[in-house]
Amino acid sequence: MQDAKLAVSHAFKIFGNDAPAVLKLLRQGKSKQEILAQTGATVGVQDASFEVREGEIFVVMGLSGSGKSTLVRMLNGLIPPTAGQILIGGEDIAQASPAALRRIRRDKISMIFQHFALFPHWTLAENVAYGLKINGVPRESRHKRALEVLEQVGLAPWADSLPSDLSGGMQQRVGLARGLAAGSDILLMDEPFGALDPLIRREMQMELLNLQQTLKKTIVFITHDLNEALLLGNRIAIMKDGCIVQIGTAQEIVTAPADDYVAAFVADIDRGRVFTADDVSSQPTTIQLRQTSVRDALRMMEQGGAHALYVMDGERVAGVVTYQQLAASEMDPSPTTTLQDALITDFPTVDASTSLSELYGAAGSGLPIAVTDERERLVAVVEPSDVLAHLSGDAVAAEALANKEQANAQPR
Amino acid sequence: MLSPADIVTLPFDDWVNAFVRGWLVPNFRPFFRAAQVPITSVLGWLEAAFLAVPMLVTTALFALAAWKTAGRGMAIFTILGFAFVDMIGLWDDTMTTLAMILTAVFFCAVIGIPAGILAARSNLAWRIMRPVLDVMQTIPSFVYLVPIVMLFGVGMTPGIIATIVFALPPIVRLTNLGIRNVRADLIEAAEAFGSTGWQMLWDLQLPLAMRTIMAGLNQTLMMALSMVVIAALIGGGGLGLVVNTGLGRMDVGGATAGGVGIVVLAIVLDRITQGLAERSGVRGASLRQTLAGFFRPRATAPALEAEKAG
């Protein structure tokens with residue numbers, strides 16, 4: 001792929017002696033446990049291949065011991081890979097000389113650590129300027145740059161404090177600032193919010209997303225928290241026992257888990273945050289306000305099995321009519337009844353990226369929810385029942401079942 | 001009973017004699033003579049300086065240092081102690097001993113800190129150094145007094161060399177320990193930002209190990225003091241000589257007077273260096289900051305805070 005900023009192919013890490021023999025055993029299909037019993041070597045990462053695109057947040061999710069921390073340390077050569085290729089801007093980290101590795105770390109790739117790893121004897125400004133200092137930037141200009149970045153993360157007033165004066169959340173902001181100040185395009189974040197308490201963690205996640213909108217860094221983010229992965233990741237890789245078991249977007253992973261392990265993981269996540277209106281909406285059937293009679297509208301609803309229809313006035317959404325009300329108005333002896341009389345103009349609208357959890361309220365009205373684009377045009381509708389079905393996972397399960405049946409049916 | 005000695009007896013003492021007298025001394029005497037030149041010069045300067053500066057000025061400087069690092073009580077003790085030493089007529093001997101000790105400690109630091117850094121960075125170097133340090137610390141000093149006299153002759157400088165041999169291990173060990181104990185995640189962070197070995201040493205390892213290194217310096221200083229009397233056996237002057245003379249003449253009073261001088265010096269130097277070590281640990285200040293704080297007028301924590309606020 002052209003815009004891959006970081007490409008890993010068939011990377012292995014084996015801790016212990018006689019790596020070539022272990023690699024051979026792995027290629028024969030021996031499991032991590034068998035290899036440990038047979039050779040005493042630990043397989044940290046096996047056959048990891050993925051690409052991180054420019055400007056995306058690529059999350060690596062896995063439980064402790066799954067090899068995710070080893071994997072991220074292989075990306076900047078802190079842990080040299082046993083086999084495989086790790087390309088950053090065309091240079092292979094696995095083959096780089098110590099000097100080349102230092103240059104890549106200075107210029108292209110920064111890291112943010114779970115326990116902050118701030119230097120306790122330096123002020124925040126000195127800490128933030130560390131990458132520049134290493135690179136030989138003169139004191140004045142690196143101090144200036146450090147203050148700018150501290151401003152960005154909201155810590156400018158503490159520039160001359162020591163890290164021990166700050167709370168955990170603030171310390172990690174400094175860690176983030178230190179990574180940003182170095183000016184590299186790639187940020188490796190090793191469980192950066194893992195040591196923070198839940199409220200601060202949430203705040204930091206939001207702040208990271210905000211910063212990312214302007215900075216557009218290429219981020220590899222390690223976490224053991226699936227909700228965090230789903231919230232932050234443009235794409236997510238799930239690791240188990242040193243292997244990457246699935247790579248995909250949040251929606252792909254939740255709707256189509258690659259195996260039972262992933263399925264068990266996603267079973268109790270908050271689906272409301274993963275799916276958006278876009279995922280549950282359907283093509284709208286609309287009627288025109290002026291051209292459609294009440295009788296026609298009723299017939300359309302009966303045929304389509306819909307209980308409400310959106311009514312358009314030209315390009316504009318005029319409102320929504322429900323079967324119940326139209327049927328009632330048709331009972332009315334007056335022959336001049338039009339759609340206008342039964343029109344509900346106070347209908348719920350959302351945009352396509354609204355998360356399902358924010359649709360609960362709108363779904364409560366019982367009316368189909370209008371999904372509009374930035375120019376207020378109707379692009380889709382969401383049936384309230386679909387919102388609930390998706391939240392409970394029934395729709396997904398049904399879909400998966402249908403796919404399976406289809407697949408089973410095909411060979412015959 | 002059968003014992004190995006019935007089968008083989010080893011003339012170990014002859015071997016050592018042959019090695020030292022037959023080979024080391026004839027071949028390397030000029031080399032060792034030349035090697036003591038820097039020690040002799042440093043000692044000469046220090047001794048001349050301490051003897052030239054009037055007693056009151058020296059006492060005032062030490063009292064000030066004690067006040068800054070260890071508090072008012074220690075400053076008062078310094079004044080009283082130094083005055084007592086002067087009044088019992090041992091001021092010049094005390095200054096000679098001080099010059100000897102500081103020379104020994106200076107060379108211990110010059111040799112020991114780099115050796116400790118090397119030991120911390122290379123497991124191989126540490127594996128080699130460790131048994132050597134063990135021997136240096138445990139071998140009775142009388143054992144190496146004889147070869148030292150053979151190689152370097154008699155006098156103050158050989159006495160200092162014996163002191164260095166005895167007092168070197170703690171500074172090497174504690175420098176090694178301090179650097180190895182720098183948090184691994186900080187080292188990893190420095191590496192992740194692409195720092196070189198030297199950058200890591202200056203930016204992280206030395207400042208963060210400073211407290212432990214200072215503790216090592218304090219230990220080295222104390223061990224050097226305890227060698228004063230033994231060094232006097234091979235020509236080291238000062239208070240050690242006073243004690244030895246007292247011993248030789250069964251002069252309890254003279255020996256005690258020399259001993260009191262050593263104790264006063266030991267207490268003052270110990271408290272001052274301990275204070276320095278503690279300061280270098282407070283909030284992880286660097287050596288530069290520690291020394292700057294040391295020379296600043298009454299610069300304690302509140303002053304630093306005020307400076308920050310302003």
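**Exposure, strands and packing**

User: Why is Lys216(A) called exposed?

Analyst: Lys216(A) has a relative accessible area of 54%, and exposed means over 50%, buried under 20% and partly exposed in between (1.4 Å probe, protein chains only). Lys216(A) therefore counts as exposed. This is a predicted model, where local features need pLDDT of at least 70, side-chain atom pairs count only at pLDDT 80 or more, and totals for chains, interfaces and linings use all residues. Residues are numbered from 1 along each chain as its sequence is written, chains are lettered from A and ligands numbered from 1 in the order in which they are written, and side-chain values use heavy atoms, leaving out hydrogens and water.

User: Why is His10(A) called partly exposed?

Analyst: Because its relative accessibility is 46%, His10(A) is partly exposed. His10(A) belongs to strand S1 (residues 4–15) of chain A; strands are DSSP runs (E, at least two residues), helices are runs of H or I with at least four, and both are numbered from the N terminus.

User: What makes S9 and S10 of chain A a pair?

Analyst: Two strands pair if DSSP finds at least two bridges between them. Five bridges join strand S9 (residues 235–240) to S10(A), and the two run antiparallel. One of the bridges links Ile236(A) with Gly248(A).

User: Which strands does helix H12 of chain A touch?

Analyst: Helix H12 (residues 260–267) packs on the sheet, touching strand S3 (57–61), S9 and S10 of chain A; contact means heavy atoms within 4.5 Å.

Definitions and conventions:
Axes are lines fitted to C-alpha atoms, for helices over the stretch in contact, and angles run from 0 to 180 degrees between N-to-C directions.
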